[in-house]
Amino acid sequence: MLGLMQDWPLLCTKVIDHAAEHHGGREVVSRSVEGPIHRTTYRDVRRRSLRLAKRLQRDGVKRGARIATLAWNTWRHLECWYGILGAGAVYHTLNPRLFPDQIAWIMNDAEDEIVFADLTFLPILEAIAPRVSSLRRVVVLTDAAHLPLNTLDAVPYEEWLAEADEDFAWVPAEERDAAGMCYTSGTTGMPKGVVYSHRSNVLHSMIAVQPDAMNISARDRVMPVVPLFHANGWGIAFSCPMVGAAMIMPGPKMDGASIHELLTSERVSFSAAVPTVWMMLLQHLQATGGAVPDLKRVVIGGAACPRVVCEAFEKRYGVEVVHAWGMTELSPLGTLNVPTADWEGLDDEALYRLKEKQGRVPFGVEMKVTDDQGHDLPRDGRSFGRLKVRGPAVSSAYHKGAGAEAFEADGWFDTGDVAHIDASGTMQITDRAKDVIKSGGEWISTIELENLAVGHPDVTEAAVIGVPHPKWDERPLLVVVPREGASLTRQAMLDYLSGRVARWWMPDDVVFVEAIPHTATGKIQKMELRKSFADYRLPSADPVA
Ligand code: ADP
C-alpha cells in the first residue's frame, strides 16, 4: 500500500518563493564591492533572480549547464545562485583563494560556460579565461560606470540583467537534478567536484535550521562570514530564506574591524565562520575594548575550534559557541556540539573539554568510526579510526567519477578524517588521516596539541607536524607564531604543555615562525609545513641526546 500524500518536489526555487511570499520585506544587507552598504529584500532578490534566469536563457543556457561564480558574499551573489538554478542550470562557486592555475583546471573540469565575477577578481579571470575552452561569457557583478577596461569582453551585470524582465517561470526541474557545485580544495590530490541536488540542498537546510543544529529563525539577523564559495556556503543561502532570517553579507571585507562594524550596526544575532576569522575578531575586540551586544550565537567549524576561542566568546562577550564539523561533501554540516539535558551541572573544566569536541549528528546524518579493515570501533570516546558518514545530503560520488575509493559499496563515505565517538554519540576529530603522527606505532593527535598550544597567552597560532625520527619513525614538532611583542621561549612553551598532555605526546622541539601557511579554505597547510621542515633534525634524533 502506498501513502496517499503529495509528491511535492524539494526544489531550491521553492525556498526563495517561500521567502518572497512570507518574508518578502525581510532584509538582505551587503557591504558592496564598490564600497557602500546596500539594502534589499527577499522579494527583490527573487524578482531579480527571475530576471537573471530569463536573461541566462536568452544567452542559450540549457538545463544542467554549469555557470560559475567568483564572488564575495553580496546580494548579487545570492541572486546568481537562485537565478542560475532557477534557469535549470548549476551554480558553481569558485574559490578565488586558489592559485589561478587551479581555478582554470577546475573551470575546465566543470566545463563552466559563463562566469559571474566580482570586480576584485577581474585580473585572475584575465589571466586564465583564454585557457578555459568552455567559457563564452564573463559578467562582472557591477554596473557599467564601475566596469574598467578589460581584455575579456566582459559585460556589466546590472545592464546585462536589465535586458530581461521578471515575467518568467522557473524552468521545471526534478528534485534530483543538480543545483550546485563546489570543488574540495584538493589538499589531497586534485580538486574534486561535489554536485548538490535541489533535494539535498533543501533537506540540508531543513536539517540546518533545527534548534539542535544552527537554530536559525525569523527572529535572527544572520551574518554568513563563511564565503558562499566555501563548502556550499554552509547552506546558509538556503537556510536563511527558508525561515525568513535577515541576511547581513560582509562582501569583500572580513577583517576584525569590518566584521565588528557590521555586527553592531546591523544588530547581527547569529554568525558562522572558520576559527581564524573569529580569532581576528577577538583580537580586534580586545585591542579596541569593543563589544558585540546583539550577537547571541556563533557556529565555528571548518577547522578545530580551540578552547581559548570558545571561552573568550562565552565568558567575555556572552556569545554562545557551537562547534561544528562538516565537509564540502556533506553540504556541509556533519555534527554540531549543542548542549543536551545531560550537560546540566557540568563544572567549567568538564564543560569546556566537552565543547572542544565536534558534536553530535542531527537527524539526517549517520556516522561511524572504523579501523583500517572496516570493522566498527566502540563508542567509548577513545578508540579512534576512520570517520564515515551517510545521509541524504552526503555525496554519493564526485563529478566525473574522481576519487571513487572514498565511496564504499554499502553507501558509507570515508571522510578522510580520524575521530572517536563517545557513548553519548559526541564525536571528536583527532586529525585528518594524512596529518596524524605515528610515533612508535602509536598515533598522536596534532589537533589536540595545537588546541593546547594556542591556549598559551603569547601564542597567536600553532601547528604540529610529524618529523622523521630514527627511533620512533616520527615525532611531533611544534611550530608557533608568537604574539607580536611577546618574548616566548622554547622552554616556556614546553613547560606550559608539560602535565597537560601524555609525556610521549610532548613535542620534541618548538620552532618560532612569522606565519603559518593556510589553504584556500583557511586550514593550516600541513603539507607545505612538512615540506619546509623536511630536513629538520630534531634534537632528540641526535645520537648524543
Ligand atoms: P577543503 O577540504 O576543500 O579544505 P572542507 O571545508 O570540505 O574543505 O574541509 C573539510 C575538512 O575540514 C574536514 O574533513 C575536516 O578535516 C576539517 N574540519 C572541518 N570542521 C572541523 C572541525 N570543527 N574540527 C576539525 N576539523 C574540521
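A polar contact is a pair of N or O atoms within 3.5 Å; within protein, one of the two must be able to donate a hydrogen and the other to accept it, and residues adjacent in sequence count only if both atoms are side-chain atoms. The model is predicted, so that local features need pLDDT of at least 70 and side-chain atom pairs count only at pLDDT 80 or more, whereas totals for chains, interfaces and linings use all residues. Residues are numbered from 1 along each chain as its sequence is written, and side-chain values use heavy atoms, with hydrogens and water left out.

View 1. A polar side-chain atom of H323 lies 3.0 Å from a nitrogen atom of the ligand, and an N or O atom in the side chain of Q358 is 2.8 Å from a ligand nitrogen atom. For D417, an N or O atom of the side chain is found 2.6 Å from an oxygen atom of the ligand. There are 17 residues around the ligand, of which S185, A324, T328, D417 and T521 come nearest; a residue is counted here if one of its heavy atoms lies within 4 Å of the molecule.

**View 2. The largest nonpolar core.** This core has 152 residues, and those with the most contacts inside it are F116 and F313. A nonpolar core is a set of buried Ala, Val, Leu, Ile, Met, Phe, Trp, Tyr and Cys residues joined through side-chain atoms within 4.5 Å, where buried means under 20% relative accessible area, exposed over 50%, and partly exposed in between (1.4 Å probe, protein chains only). Helix 3 (residues 75-86) gives the most to this core, with seven residues; helices (H or I, at least four residues) and strands (E, at least two) are DSSP runs, numbered from the N terminus.

View 3. H399 lies in the loop between strand 17 (385-390) and strand 18 (413-421) and is buried, with a relative accessible area of 17%. Apart from neighbours within four places in sequence, H399 is in contact with D109, A110, M181, Y183, G193 and V195, and a polar atom of its side chain lies 3.3 Å from the backbone oxygen of D109. Strand 8 (residues 178-183) pairs with strand 9 in the antiparallel sense over five bridges, pairing being assigned if DSSP finds at least two bridges between two strands. G193, in strand 9, is the bridge partner of Y183, and four of the five residues of strand 9 (residues 193-197) are buried.

**View 4. The buried side of helix 12.** In helix 12 (residues 348-355), the buried residues are L351, Y352, L354 and K355. They lie on the same side of helix 12 because they cover an arc of only 155 degrees around the axis, the arc being that of the directions from the helix axis to the C-beta atoms. These buried residues pack against helix 11 (307-317) and strand 14 (320-326).

**View 5. Helix 13.** Helix 13 (residues 446-453) is largely enclosed by the rest of the structure, because six of its eight residues are buried; these are T446, I447, L449, E450, N451 and A453.

Conventions
Contact = heavy atoms within 4.5 Å.
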